[in-house]
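Here is a brisk report on the structure shown below.

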Amino acid sequence: MTALELDSVMRMFAPDIVALDDVSFAIDQGEFLGIIGPSGSGKSTLLNIMGMLDSPNRGTVIVDGRETRGLSDRELTGIRATSLGFIFQGFHLDDGLTAAENVCTGLLYAGVPRKARSAIAAEALARVGLIDRMHHRPQQLSGGQRQRVAIARAIAKRPALLLADEPTGALDSKNGEQIIELLKSLNDEGVTIAIITHDSALAARLPRTLTLSDGKLVSDVRVPTPALERL
Amino acid sequence: MSRGERAARREAREAHEARERNRLPARAARAYEAIIDTLNTGTLWLRVRAMRATLSIVGVAIGIATVVLVASLPASSQAALEERLTALGADVLRIDPVQTSTELQKLPTDSLPRLARVGPVRSVFVAANLHVDVQRNDRQRAADNALVAMAVAGDFSTVLRSQLLQGSWVEGVRPSVVLGSEAARRLGIPRLPSSATSIEIEGIPFTVVGILEPTELAVDMQSAVFMSWEAAHEWLEFDGQPTVAYVTAFEDSIREVRPVLAATIAPDKPGGVQVSQPSGVLAAKETSRTTFDGLFLALALVALTVGGIGIANTMFASILERRRDIGLRRALGARRLDISSQFLVEASALCAAGGVLGSLAGAGLSAVWAIGHDWPVVIPPVVVLGAIAASLATGVIAGLAPSVRAARLDPASALSLE
């Protein structure tokens with residue numbers, strides 16, 4: 001079953017600035033893929049369109065079986081709230097909230113009843129190995145732990161697709177590796193994950209890699225036995 | 001329709017009704033959760049950034065405190081003014097015979113009962129200048145000869161707001177006097193001595209039984225010595241005709257009662273007496289009230305506007321600072337309405353807190369100021385409640401534009417800010 005599908009997507013910001021040009025691909029449920037490309041190749045624009053934070057000028061986007069064209073802001077945010085999870089390079093945690101409260105923020109807009117949120121947040125934090133840090137604030141956690149909290153926030157609502165924008169970009173290699181291992185184990189449990197990265201070494205270890213260049217999808221490579229399988 | 005079908009229909013209807021009954025509480029519960037979530041999210045920034053929130057609240061509070069202060073102080077000063085004016089006798093009227101060369105230089109002997117019969121008149125006293133010689137004793141004259149002896153009848157102390165400093169009031173035919181404060185000073189009897197003391201009036205010793213406190217209303221009375229109407233008859237061959245009368249009336253009926261008094265006391269010749277208002281301040285009082293109201297209302301509006309602009313400014317700055325948070329919430333599934341409600345609740349909470357704090361501070365400062373100036377503390381509840389309501393309304397108005405702006409923020413560009 002398809003988690004996300006892009007068909008002939010084009011995004012331009014001015015007549016002469018085309019960020020994405022005729023991009024088509026589909027992500028099946030349970031896939032783990034990387035999207036790579038140099039700076040300015042259109043990776044961020046693609047992430048925004050995949051996450052419905054931006055709309056294409058042409059083409060269609062289907063998330064979790066629903067075409068997004070013509071949907072109202074309310075409907076789009078509804079899909080975003082329930083079907084998509086985001087992980088950012090800079091974690092984007094609220095320093096004033098504890099780890100558990102940050103995870104609860106991810107459930108706030110997904111229609112999860114108040115009473116259920118704490119238990120779900122605790123479960124998600126346990127899943128990323130931070131159950132003993134649930135009452136810590138971000139500044140009391142290491143970079144790797146902060147990214148784990150962000151991952152817990154993203155997976156707590158069990159989204160159809162997890163979109164990660166340079167999830168290891170702000171981490172050292174050891175912490176970065178742990179995050180990749182965590183994402184791999186989540187994928188093993190059935191979570192669909194798309195990582196946007198400029199790290200081609202990381203992308204090469206993933207089962208599938210899409211390569212962008214000048215806004216065009218130039219390759220879509222599937223590896224039968226990716227390096228990650230051998231972790 | 002068979003019995004079985006009827007039973008099945010009834011069951012279906014009952015099940016439907018039960019579902020409808022359950023739907024309403026479920027909706028109410030969801031609405032309640034949504035309200036709590038909105039309030040929670042809207043006040044989150046205020047709670048986790050306590051210092052910043054406190055500073056913003058203080059900014060609002062200063063504006064509101066100014067509003068309460070400028071609206072309360074006039075009330076206190078107005079009350080003080082009114083108290084003073086009332087102390088000076090804004091409700092007192094004085095009746096004198098018109099001094100002509102021919103006749104009626106005195107009032108009728110039955111002036112007291114006549115005046116007392118006028119409806120709005122609350123109290124009356126009449127006095128007669130006896131035109132007699134007042135001395136300390138036969139060897140020691142008063143400091144000057146300006147002391148007058150007066151016979152009095154009626155409610156002297158109520159009308160003139162004059163209290164006895166010492167002793168008791170004169171009564172009966174006994175030759176006794178009460179000294180006005182200035183008369184006491186001039187006679188060299190500032191306090192009542194422990195043993196009985198007397199002064200001489202027309203050579204007759206009168207026992208001093210009391211000394212009055214100074215009265216602001218009738219300064220001429222301060223240099224008088226007072227005896228009872230009966231004593232004046234008995235000892236000084238007094239003819240019983242007052243030379244002056246004072247009445248107090250309800251303040252709001254002063255204007256109406258004034259022309260009635262002349263006709264009452266001299267029905268045959270109303271022009272023969274003149275009625276005056278010793279304080280002469282009623283008009284000034286009304287003028288001052290109007291002036292205060294207009295001026296301070298304008299000041300309060302200026303302060304409130306300044307407060308509102310400050311709040312809007314704080315909210316705009318806050319949105320610029322929190323673009324990333326707004327982008328994140330949009331990515332997490334917040335609708336535009338969620339974002340605008342968050343900022344609107346935040347602005348309103350900020351202002352409500354500032355309003356309450358400012359009102360308390362304003363009321364406190366107003367009280368301190370009033371006490372410092374020896375004014376009565378008057379903090380009209382309508383001012384305090386109005387200031388809080390105005391603050392809340394200002395928060396909503398000032399937060400409206402920033403909250404719409406926050407909701408319209410493009411989530412993709414907001415998130416790309418690092």
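## Strand pairing in chain B

In chain B, strand E3 (residues 134-135) and strand E7 (residues 198-201) pair in the antiparallel sense over two bridges. The model is predicted. Within E7(B), Glu200(B) is the bridge partner of Gln135(B).

E7(B) also runs antiparallel to strand E8 (residues 204-212) of chain B, and four bridges join them. Glu200(B) stands opposite Pro205(B) in E8(B). Ile199(B) faces Phe206(B) in E8(B) as its opposite residue. The hairpin of E7(B) and E8(B) has two residues between the strands. There, Glu202(B) takes a positive phi near 50°.

Strand E5 (residues 164-167) of chain B pairs with E8(B) in the antiparallel sense, over three bridges. Gly210(B) in E8(B) is the bridge partner of Gly167(B). Strand E6 (residues 176-179) of chain B pairs with E8(B) in the parallel sense, over four bridges. Val178(B) stands opposite Gly210(B) in E8(B).

| Strand pair | Sense | Bridges |
|---|---|---|
| E3(B) and E7(B) | antiparallel | two bridges |
| E7(B) and E8(B) | antiparallel | four bridges |
| E5(B) and E8(B) | antiparallel | three bridges |
| E6(B) and E8(B) | parallel | four bridges |

Strands of a sheet pair through backbone hydrogen bonds, either parallel or antiparallel.

## Two open sheets in chain A

Six strands of chain A form an open sheet. Their order is E6-E7-E8-E3-E9-E10, and the pairing is mixed. Strand E6 (84-87) and strand E10 (216-222) of chain A are the edge strands, each pairing on one side only. From one strand to the next, the twist averages 20°.

E6(A) pairs with strand E7 (residues 161-165) of chain A in the parallel sense, over four bridges. Ile87(A) stands opposite Ala164(A) in E7(A).

Which helix lies across E6 and E7 of chain A? Helix H6 (residues 173-188) of chain A does, and it also lies across strand E3 (32-36) and strand E8 (192-197) of chain A. H6(A) runs at about 150° to E8(A).

Another open sheet in chain A has four strands, in the order E2-E1-E4-E5. Here the pairing is antiparallel. Strand E2 (17-28) and strand E5 (66-67) of chain A stand at the edges with a single partner strand each, so one side of each is left without a neighbour in the sheet. Strand E4 (residues 58-63) of chain A and E5(A) pair in the antiparallel sense over two bridges. Arg66(A) in E5(A) is the bridge partner of Val63(A).

## Salt bridges

Over all chains, the count comes to 24 salt bridges. One of them joins Arg11(A) to Asp54(A), with the closest N and O atoms 2.9 Å apart. Why does this pair tie together parts that are 43 residues apart in sequence? Arg11(A) lies in strand E1 (residues 2-14) of chain A, whereas Asp54(A) is in the loop between helix H1 (43-50) and E4 of chain A, so the pair links those two parts. Side chains of opposite charge can pair when their charged atoms come close.

## Where the chains meet

How many residues of chain B are in contact with chain A? The count is 25 residues of chain B, touching 25 residues of chain A. Chain B and chain A bury about 2300 Å² between them. Carbon and sulfur atoms account for 53% of that area.

Four salt bridges are found across the interface of chain B and chain A. Asp73(A) forms a salt bridge with Arg336(B), where the closest N and O atoms are 4.0 Å apart. Between chain B and chain A, eight residue pairs are in polar contact, with both residues at pLDDT 80 or more.

Several helices of chain B build its side of the contact. Helix H1 (3-48), helix H9 (323-332), helix H10 (336-372) and helix H12 (411-415) of chain B each supply at least two residues of the side that touches chain A. H1(B) gives the most, with seven residues. The residues on the side of chain B that touches chain A divide into ten nonpolar, four polar and eleven charged.

Key
Residues numbered from 1 in each chain as written. Chains lettered and ligands numbered in written order. Predicted model: local features only at pLDDT ≥ 70, side-chain atom pairs only at ≥ 80, totals over all residues. Heavy atoms only, no water. Pairing = 2+ DSSP bridges. Axes fitted to C-alpha atoms, helices over the stretch in contact; angles between N-to-C directions. Contact = heavy atoms within 4.5 Å. Buried area = accessible area lost by both parts, 1.4 Å probe. Salt bridge = Lys/Arg side-chain N within 4 Å of Asp/Glu carboxyl O. Polar contact = N/O pair within 3.5 Å; in protein donor to acceptor, adjacent residues only side chain to side chain. Nonpolar A, V, L, I, M, F, W, Y, C, P; charged D, E, K, R; others polar.
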